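Good morning, everyone. Let's take a quick walk through one structure. Please look at the screen.

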Amino acid sequence: MYHRPIYLDAQATTPVDPSVLQAMLPYFTEQFGNPASVTHAYGWEAEAAVQQARETLAAAIQATPEEIVFTSGATEANNLAIKGVAEAYFGQGRHHLITIATEHHAVLDPCQYLQSLGFEVTILPVQPDGLLDLEQLEKAIRPDTILVSVMAANNEIGVIQPLVEIGQLCHQANVLFHTDAAQAIGKTPLDVNAQQIDLMSLTAHKIYGPKGIGALYVRRRNPRVQLAAQLHGGGHERGWRSGTLYTPQIVGFAKAVELGLTRLDQDTHHLLSLRDRLWQNLQMLDGILLNGHPTQRLPGNLNISVEGVDGQALLLGLQPFVAVSSGSACSSTKIEPSHVLRAIGRSDPLAYASLRFGISRFNTPEEIDQVSDRVIQTIQALRQAT
Ligand SMILES: Cc1ncc(COP(=O)(O)O)c(C=O)c1O
C-alpha cells in the first residue's frame, strides 16, 4: 500500500485548517455575490464579509482597514509595492532602491526589472547568520533612495530580521520601508507602527489559509505612501488593484490570521518543541550544520547542510517517506544551489546538500522521530557508500 510522505514543508505551503475551510464555504454557494454589486443584497453580503476580513487583517498588524489592498498573494503584493512605489516617486528625481541578497525572488526579480528600466538597486549582503548588518544599511541609504525592502522572515532559513531598527533607520532618512512578511504573519508579532513599516506584503497559504490570496498594507499617514497601480481595470481597492475581489479566499485569509493570532502561544510552543526535538535527534550524527541564526528564527523552521553527502542523492533517499525541500520550493525547479545559502557563505556542495524542514501545527512528535530516523539512516548509508 502507498503511504503518503510525512509533510515537513510548511514554508512552501500549509494545509487549509478545517475551520478556515468552513468559514469559506458559504461564499462559494449561497453568498456568492460580487462585493462590488451595490444594487442588491447578494453584493451587500459579500461586501460586508470583505469589510469584516479587512478589519481583522488590519487589526492583526495595527493598521486601519483602508490601508489593506487585497492581492493574489505575496508575489503580487511585492510587485505592487516595489514597482508601484518606484514608478510613483521616480518623478521626484529619486531612482535608488535597497534590498538584501536573501530576499525571495518575488522581491529580487521586480528589483532586477527596475534595474533594466534604469533604476539603481543596491543588494546588501547578509552576515553568516543571515542577519542584515544595520551599519551597512545606514551607509547604503542615499538622498535619492526611495525604498528599502527587507523581508520579515526568510522562507529558507527562517531568520527574522530586526524590523524595528530597520524601520527607524529608514524613517530617519525619509525613506520608505517595505517588508515581505509572507512567512512572518501569524507566526511573529507584526506592528506597522512600532516597526515603522510603510508597506507590507502578506499571504494566506503559509498559515493554514487558502492559496491565491494575499494583501499589501500601504501606509496612509506619516508618511502617506504614493503608489502607481500595476493592474488597471474596474478601479477596485481604491484604484490600486483592479479585479473582482475573491470573497471566499478573503474570508479564509482573515479566518486563518485570526486563528493564528489566538493560537500564537500554543502553536509557537508546539513548533519549538518539535523543531528542537528534530535538531537534537539529528545531532547524533557529525557534520550536520545549522543554516541561519540559532535563535532569531521562525519556530517551525530548521535548515541544515549535511557534510559528506551528495544533495540529490540525499533528497532521493528521503523521497517516498518525507516531504521536505532542498533550497526553497519556489526555486526547486532550477538546479542551482540556493541563493540564500550562498549568501550566508555556504559552499556549493553544502548548499546542494541542504534540507529545509518546515514544521506545521499538524505535525506530531512521532512523525518527527520517524523523519529523524529516516534522515539519519539515509545520511549514514550515503556516507558509507563513498
Ligand atoms: C518570503 C516569501 N515571499 C513571497 C512568496 C510568494 O508568495 P505567494 O505564493 O503568495 O505569491 C513566498 C512564498 O513562497 C515567500 O516565502
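A word on ground rules. This is a predicted model, where local features need pLDDT of at least 70, side-chain atom pairs count only at pLDDT 80 or more, and totals for chains, interfaces and linings use all residues. Residues are numbered from 1 along each chain as its sequence is written, and side-chain values use heavy atoms, with hydrogens and water left out.

Start with the ligand. How many residues surround the ligand? The shell has 13 residues. The closest are T75, D180, Q183, T203 and K206.

What kind of residues are they? Four are nonpolar, seven polar and two charged. Here Ala, Val, Leu, Ile, Met, Phe, Trp, Tyr, Cys and Pro count as nonpolar; Asp, Glu, Lys and Arg count as charged; the others, Gly among them, count as polar.

Now the polar contacts, meaning pairs of N or O atoms within 3.5 Å. An oxygen atom of the ligand sits 2.8 Å from a polar backbone atom of A74. For the side chain of H104, the distance from a ligand oxygen to an N or O atom is 3.3 Å. For the side chain of Q183, that distance is 2.8 Å. And the burial? The ligand alone exposes 400 Å², and the protein buries 90% of that. These areas come from the Shrake-Rupley method with a 1.4 Å probe.

Next, cavities. On a 1 Å grid over the protein atoms alone, a cavity is a set of points where a 1.4 Å probe fits but cannot get out; lining residues have an atom within 4 Å of a point. The whole structure holds two cavities of 30 Å³ or more.

Helices here are DSSP runs (H or I, at least four residues), numbered from the N terminus.

Last, the backbone. N222 and P223 are joined by a cis peptide bond, with omega about -5°. P223 lies in the loop between β8 (214–218) and α7 (247–262); strands are DSSP runs of E, at least two residues. N174 is not glycine, yet its phi is positive, near 65°.

Methods. A residue is near a molecule or strand if one of its heavy atoms lies within 4 Å of it. A polar contact is a pair of N or O atoms within 3.5 Å; within protein, one must be able to donate a hydrogen and the other to accept it, and residues adjacent in sequence count only if both atoms are side-chain atoms. On a 1 Å grid over the protein atoms alone, a cavity is a set of points where a 1.4 Å probe fits but cannot get out, and a pocket is an open set with protein on both sides within 12 Å along at least five of seven lines; lining residues have an atom within 4 Å of a point. Grid points are joined across faces, edges and corners, and a volume is the space filled by probe spheres set on the points.
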